[in-house]
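This report describes how selected parts of one protein chain are packed. The sequence and structure are shown first.

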Amino acid sequence: MKHSQVVILPIVLWMASCGSTHQPTTPVDTKLHQNARAAGVAFSLDRPEEAATQYERALERARARDDATAIGDYGYDLAVAQLAANHPKQALATVRMTRNELARRGVVSFPELDLAEATALYRLGEKAASNSLATKVAAGNDPASAARARFLQGLIADETGDAAGLDAAITYRSQPASTDQQADEDELLARRDLRRGDFNAAIAQAERCADLRRTGLDYRGMARALSVAADAEVHAGNTRAAAELYMRAGQSAAAQGDAELARPWLKRAAELGNDPVISEAARQAIAALGKP
């Protein structure tokens with residue numbers, strides 16, 4: 001479709017000059033749209049590195065156009081692709097660069113971009129800064145971004161031992177409007193059940209969350225949910241089941257190229273030690289990750 005547009009555009013303009021009543025077609029930046037389309041296809045095929053390369057090209061073209069809207073769109077898309085490719089430092093730099101580019105053109109940031117920065121900060125272990133930005137997004141007017149920001153607040157609260165913060169994140173969440181939001185809610189509820197000592201409920205919620213994440217192709221979130229179920233199995237005294245879940249979580253993270261997530265889960269699978277087959281497989285998987 002886009003290639004044919006390049007061919008017919010001169011004809012349209014020629015007809016307009018010959019007295020046609022139709023207005024000339026607004027020229028389209030074919031190069032920008034081709035880069036963006038290629039990026040979208042790569043992302044849909046789970047090739048985030050390739051998507052990032054194409055989004056970077058689209059962003060460069062947006063700068064050439066001095067197009068603030070396109071700079072915001074493709075800067076955000078590039079950051080998301082970099083997060084998907086396990087490059088949170090690059091994503092953080094991209095978000096901040098994009099915000100500066102927008103400011104130079106008199107355009108303010110937008111909730112999705114702020115949420116991408118909060119996510120990158122969380123992935124880099126800067127939880128206080130992440131939580132502060134997530135709080136801002138949660139108080140904003142974009143319902144989808146606010147819901148995701150509250151989930152991020154809940155994760156941070158749980159991981160920092162803030163039981164009240166976890167309860168608040170659950171309380172302030174609205175009715176789930178999508179499968180992703182339902183999975184977010186299930187994970188937070190599983191974490192709360194685990195804290196309250198209701199291990200069977202935590203296992204059920206976490207496994208339900210893992211199923212929803214798998215369906216939504218969120219494998220990072222799926223692996224994290226499996227690890228929550230594994231934690232609950234440990235507390236329930238089911239060490240073999242826990243080892244299997246840690247192994248599955250670690251294998252998933254390793255297959256996604258995220259050694260930082262995979263290593264502690266695989267280590268737990270090896271340490272539980274009830275099944276020598278699982279323990280040996282976990283040790284081999286850890287060795288395959290290389291040195292930290």
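**A buried aspartate**

A polar contact is a pair of N or O atoms within 3.5 Å, where one must be able to donate a hydrogen and the other to accept it. In this predicted model, the side chain of Asp275 reaches the backbone nitrogen of Val277 at 2.8 Å. Asp275 is located in the loop that runs between α14 (259–272) and α15 (276–289). With a relative accessible area of 14%, Asp275 is buried, because buried means under 20%.

**Nonpolar cores**

In soluble globular proteins, nonpolar side chains tend to be buried together. Here, the largest nonpolar core comprises 44 residues. Those with the most contacts inside this core are Tyr55, Tyr74, Ala149, Leu152 and Leu188. The element that gives the most to the core is helix α4 (residues 68–84), with 8 residues.

As for individual contacts, Leu152 touches Ala118, Thr119, Tyr122, Ser130 and Ala134, when residues up to four places away in sequence are not counted.

Helix α9 spans residues 163–172, and Gly165, Leu166, Ala169 and Ile170 are buried in it. Viewed down the axis of α9, these buried residues fall within an arc of 140 degrees, so they line one face of the helix. Ala164, Thr171 and Tyr172, on the other side of α9, are exposed.

Among the elements that cover the buried residues of α9 are α8 (143–159) and α10 (179–196).

Terms used:
Residues numbered from 1 in each chain as written. Predicted model: local features only at pLDDT ≥ 70, side-chain atom pairs only at ≥ 80, totals over all residues. Heavy atoms only, no water. Buried < 20%, exposed > 50% of the residue type's maximum accessible area, 1.4 Å probe, protein only. Helix = DSSP H or I, 4+ residues; strand = E, 2+ residues; numbered from the N terminus. Arc of directions from axis to C-beta. Contact = heavy atoms within 4.5 Å. Core = buried A, V, L, I, M, F, W, Y, C linked by side-chain atoms within 4.5 Å.
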